[in-house]
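Work through the exercises below with the structure in view. Each task is followed by its solution.

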Amino acid sequence: MEITSAHFKKVAGQKLADKKVQEALARAKGKFVVARAKAIEELDNFEEIRRAAADVRDHCLANLDQYLEQWEDNATAAGTIVHWVESAEEMNRTLLDIATGNNVRKVIKSKSMLGEETGVNEYLERGGIDVRETDLGEYIIQQAKEYPSHIIAPATHKSKDDIATLFAERHQRPRLDDIAQLTHEAREILRPHFLDADMGITGANFLVAETGSTMIVTNEGNGRMTTTLPRIHVAIASIEKCIPTLEDLSLLMRLLARSATGQSISNYLSVTTGPRRDGDSDGPEQFHVILVDIGRTRVLGSELRPALRCIRCGACMNHCPVYQNIGGHAYGWVYPGPIGSVLTPAYVGLEKAVDLPNAATFCNQCSVACPVKIPLPDLMRKLREKQTELKLAPAGQRVAMRVWAWLASRPTLYAWATKLAARVGKIAGGRQGLVHRLPLVGAEWTRGRDLPAPRGKTFREIYAARKRS
Amino acid sequence: MSAKDNILARIRAANTAQAATGEVASTAAARLSAHPRGPMPTMTWDPLVQFRACSIAAASTIDEVRRRVELPAAVARYLRQNSLPMSGVCWPEFGDLDWLDAGLEMQSRPATGDDKVGVTGSFCALAETGTLVLLSGENQAATTSLLPETHIAVVNTGRVVVSMEDVWDLLRAETGGLPRQINFVSGPSRTADIEMTLVYGAHGPFRVHVLLLDE
């Protein structure tokens with residue numbers, strides 16, 4: 001997928017001013033948050049489970065080489081064909097090779113964020129393959145030629161009216177204006193494709209080392225269709241998705257749907273181990289799994305390592321005040337919200353996503369909601385440090401920070417300067433006590449908000465006065 | 001060096017660099033064979049009561065059947081009450097039942113895209129979340145619970161287990177390995193991808209009806 005994260009500030013500004021985007025965000029706002037809060041109450045030891053899940057994910061990462069090898073041994077024994085690839089290009093090529101080697105014309109696809117990372121649909125289409133997204137949200141944005149704005153609700157930025165117009169045009173049918181009717185029209189259109197596709201592509205929520213299985217969850221049933229009906233099934237999975245046992249899977253399943261949509265469990269949870277067996281009534285003749293690195297090992301060896309615990313529930317973005325106001329597209333790549341502000345710089349390079357670690361208020365909601373306790377604000381802070389190290393922050397900001405550092409290390413001068421600033425600030429704040437425009441680099445900060453003006457005395461002055469009295 | 005060797009070498013180097021070399025090989029292997037359970041939530045409810053409540057919360061409907069021979073009548077009753085087609089397909093395990101007598105035209109074969117009603121059994125059911133557990137296999141077509149608009153599943157009351165961990169134990173004890181696919185089904189297919197409005201019947205069944213069989 002094309003990376004447009006460098007334009008974060010500009011696009012975020014556009015999204016704030018875009019009435020339709022703001023309406024869509026207002027519709028969604030809080031729904032997932034409320035549903036999650038209710039769902040986690042079903043677990044009387046939620047925090048204990050959450051801590052255990054974070055530990056399991058860390059344990060997976062610390063022993064990833066062993067679990068991947070165990071997984072491969074068991075998968076191969078069940079008849080799965082395993083491919084290891086290092087780059088996005090290699091993953092796409094492997095998929096196309098499997099398709100062309102088996103005379104595949106049509107592919108049905110269940111949602112995969114990894115597939116979004118590598119732009120697999122466009123790649124296969126260039127190779128002459130017909131690719132159909134089948135998750136309703138993904139289908140909508142594929143028809144609209146757009147990108148997902150949320151990892152579990154990809155079309156959340158589009159209104160019913162947008163979709164009605166889109167479907168009428170693409171399906172060449174009368175325009176519908178009812179959400180259930182629109183959903184069922186998509187069902188009708190996609191059903192024949194499920195039945196006659198040659199190959200199904202899915203992602204994998206997890207790989208289970210103990211059994212050599214892959215696992216996906218869906219609510220729509222498109223995952224079950226994709227893994228059962230076509231004669232070939234290919235699952236693409238990044239290496240960090242490997243977990244040890246089925247018991248670990250149940251532990252994580254208690255958290256995933258509750259953290260994502262507020263369901264106790266996703267509607268369909270499919271654990272797949274190998275292709276169709278002798279005598280089986282259905283299932284693909286071939287089952288391939290492509291194990292993908294694309295930057296994971298680099299992150300594993302970096303200070304951003306805890307981000308690899310992520311189980312892709314979307315809770316961090318649902319709870320993020322920045323995401324709630326600008327939506328997902330401004331982040332400019334596959335993963336929006338706080339996890340995107342860490343993963344995008346980690347996978348595509350900080351220089352291409354320099355503003356993302358700043359797109360946070362550090363309110364810590366994301367890290368509190370994260371089912372595997374990823375310390376997202378800490379990781380963003382580390383990326384901010386790196387911005388300074390690599391001199392990626394704007395020049396004005398860097399000079400300002402240097403001036404402040406110089407001043408702060410000279411206590412007498414600092415006291416004098418802050419006294420002055422407190423008094424000048426009070427006057428500048430006027431009767432309302434608000435500064436509408438800061439000078440120099442501060443002007444950027446006050447472009448979208450007011451600065452509460454100082455009250456005329458510094459903390460140190462007030463403290464000293466209290467101590468005397 | 002193959003891609004696999006490169007990736008594994010990078011994982012080892014990264015883990016060494018981060019001083020997270022983990023455990024010795026035998027410990028990881030031991031975890032796989034011991035498969036310890038994580039912390040479990042308190043589950044002191046009666047499994048049948050919980051299964052019923054969670055199934056309804058997941059938008060399934062439930063009926064009870066005392067004896068196996070009464071299954072066709074229960075299926076017919078449900079279909080008639082909901083004005084649904086009186087024909088469909090069933091898993092071979094129910095092929096011997098007298099469907100005609102109940103006014104039903106039921107064929108014992110996997111479902112195609114045209115069948116309107118699918119009757120399946122189940123490996124077991126999960127009380128914790130009101131979930132059906134279906135295995136792939138010779139006489140257990142996955143399509144029967146997936147393609148028709150109505151899925152009717154028979155669950156033996158003695159096969160309602162408490163937690164997902166119990167399902168794994170049951171599988172290990174009874175099948176000695178995993179089938180090609182295990183499907184956990186919790187109510188009808190659904191989506192909320194348009195304006196976060198819940199709609200049933202996204203791609204799979206519009207409705208799931210559970211028959212709790214006491215025999």
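**Exercise 1.** Find the residue with a positive phi that follows α19(A).

Solution. A:Lys391 comes after α19(A) and has a positive phi, near 55°. The model is predicted, and local features need pLDDT of at least 70, side-chain atom pairs count only at pLDDT 80 or more, while totals for chains, interfaces and linings use all residues. Residues are numbered from 1 along each chain as its sequence is written, and chains are lettered from A and ligands numbered from 1 in the order in which they are written.

**Exercise 2.** Which residues of α19(A) are buried, and which are exposed on the face turned away from them?

Solution. Helices are DSSP runs (H or I, at least four residues), numbered from the N terminus. Buried means 20 or more other C-beta atoms within 10 Å of a residue's own, exposed 12 or fewer, with C-beta atoms placed from the backbone.
- Buried: A:Leu376, A:Pro377, A:Leu379, A:Met380, A:Leu383 and A:Gln387. They lie on the same side of α19(A), because their arc around the axis is only 160° (the arc of the directions from the helix axis to the C-beta atoms).
- Exposed, on the face turned away: A:Glu385, A:Thr388 and A:Glu389.

**Exercise 3.** Against which helices do the buried residues of α19(A) pack?

Solution. The partners are α15 (315–318), α17 (337–348) and α18 (365–369) of chain A; contact means C-beta atoms, placed from the backbone, within 7 Å.

**Exercise 4.** Sort the buried and exposed residues of α6(A).

Solution. A:Ala88, A:Met91, A:Asn92, A:Leu95 and A:Ala99 are buried. Their arc is only 95°, which puts them on the same side of α6(A). On the other side, A:Asp97 and A:Gly101 are exposed.

Definitions and conventions. Helices (H or I, at least four residues) and strands (E, at least two) are DSSP runs, numbered from the N terminus. Two residues are in contact if their C-beta atoms, placed from the backbone, lie within 7 Å.
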